[in-house]
Amino acid sequence: MALHPLGLLQDTPPGRNAVWAGIALLSMLVWLGLEQLSAQLWFLPAGLRLALLWLVPTRRWGWLGAAEIAAQATKSMVLGYPLFSMTFVGVCIAPWVIYAAVVFVARGPQAGPALDTPTRMLGFLLAGLAGAAGVSPLLWLFLVTVPMTAVDSLASMFAFMYGDMIGQLVLAPVLVALAHGRLAPRRLAFWRDMAVVLVGAVGVFLLLQAYDDLAMYVLLLAFAPLFFLGFRHGWEGAALGTLVLGAVIQALVQGGLLSVSVTMLQLVLAVVGAGALVLGAASTALRHSHEVLAQRHQELATKNDELGALAEELRHVTQRLVRIEEQGQRELASELDYELGHAIHALGTRISLAFRDVRDEQGTRFLESLREQVREIQDSLRRALRQLRPPMLDSHGLRHAIDNGPLREMLEDGNIVFEPRFTGAVDQLDDDARTAAYRICQAAVREAVRLDTVRRLALDLEVTPRDGGGQVVSLNLDIEFSPYARALPPLQPLPAIFDRVLAEKGRYQLEPLVHGQRHAIRFDAA
């Protein structure tokens, strides 16, 4: 981290004074160098001041202030200006204090983040503007010694402010990007766009050199491509473009190749450069949001794949459980029929034989009652066995088991009208699909019998061929309630149906009817 510029500048723990003394010395030398490059168009140390104050935490600002005051003192001694005077305080010390106060209000005690959003970029630029506006009256007060009118005084103050603003625009964003490692070697597309922008700007400036009366019409065209750089390459591209374009303007002005007013150049560059930086920050934020969104989509796709695998595994487990349950019910029915059915049948036979040995009327009535009870037990056992696994489901098929089996008997016992309808090759379903369809119908019948308000149950079973092989089973179960019922049961799925549909990897939907509800099931059969 010590090798990274941002790590050095944002080093907040106490100590490391030697490192910060080196940073302060380097900052002083850079300040002196930038001061030599300053001209009427810009005051570059203002950009260095704003960038360092933005990047460095408040607890390290003492080193920055000492570095700038030392640089100002060095310059004053070289030029022969007194150090202990109000002019030195007002020109060399007070500007840094004003900038520091403005930046502290704008970003707080912690180091400022990268300028990756329009809000941060606007805060950064407004802090620089407020600092320049606060410093310009002081500079005018101490540096301007000739008498001036009110208009000239305001113009002089604006000249100082514009110089600081242009220095900030062309240098501060580049330094922030450099500290955050955003100025990695740019791609060829950036330099191609930069060349196009420079060629267009130089062409406009040469046109203005030949026809200076066109300044008010075409000057803005020289700076407008900065918006293109900001849109295409983010705020880092806009910052580099502003720096390079400012350097070209300064070179043309010093070479006498540009006769446009420097104040007009400053104003247009300030407005367009700030707009390009804000647009670039918005483009960067949008690009980052797209990257984050793409990453979230990738993570979501991975999670969906995992959930799909888990759902498939759960379906297989459910299928195995359903098959085990069916096998258990089949075996239980067989055992009950073998153990209890034979015993009850033998008991009935013995009671019938006992009729031959009984001669009195009381004994005959007693045996008759026992025989009736045995018949009731046989009938109850037969119903229970048919509920566990109706034999006709294996012997006669699904259609007959539903239409003439225990389901119809249950509904008739509950005074519920049963209206089944079958379409397609219902009896050609495989064992799993046939069992699933029957159990789904059985769950609906049990629910209808449990409720007192049901008057009709309509069943619509349709089996259609599927493209690529197999069949599609569509089952609609309409449970109709009495129109005179005061309260209808809530519309909620039945767990028994849901488990069967899940095992078959199907779809289960509930639809409200006028006086009832529809359970719509659809699944694929092998």
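Is Lys-75 buried, partly exposed or exposed? In this predicted model, Lys-75 counts as partly exposed, with a relative accessibility of 26%, and its side chain meets that of Glu-35 in a salt bridge with an N to O distance of 2.9 Å. Glu-35, for its part, is buried, at a relative accessible area of 17%. Because Glu-35 belongs to helix H2 (residues 17-37) while Lys-75 belongs to helix H4 (residues 61-79), the pair ties together parts that are 40 residues apart in sequence.

A second salt bridge joins Arg-182 to Glu-236, whose closest N and O atoms are 3.2 Å apart. This pair also links distant parts of the chain, since Arg-182 sits in the loop between helix H7 (150-179) and helix H8 (188-210), whereas Glu-236 sits in helix H10 (residues 225-254), 54 residues apart. Glu-236 counts as buried at 7% relative accessibility, and Arg-182 is partly exposed, with a relative accessible area of 24%.

The salt bridge between Asp-431 and Arg-434, in which the closest N and O atoms are 3.1 Å apart, lies within one helix, H16 (residues 431-450), where the two residues are three apart and therefore separated by about one helical turn. Of these two partners, Asp-431 counts as partly exposed at 35% relative accessibility, while Arg-434 is buried, with a relative accessible area of 15%.

Salt bridges can also join into a group, as they do where Glu-419, Arg-455, Arg-456 and Glu-480 are linked in a network. Over the whole structure, a search finds 17 salt bridges.

Definitions and conventions: Residues are numbered from 1 along each chain as its sequence is written. This is a predicted model: local features need pLDDT of at least 70, side-chain atom pairs count only at pLDDT 80 or more; totals for chains, interfaces and linings use all residues. Side-chain values use heavy atoms; hydrogens and water are left out. A salt bridge is a side-chain nitrogen of Lys or Arg within 4 Å of a carboxyl oxygen of Asp or Glu. Helices (H or I, at least four residues) and strands (E, at least two) are DSSP runs, numbered from the N terminus. Buried means under 20% relative accessible area, exposed over 50%, partly exposed in between (1.4 Å probe, protein chains only).
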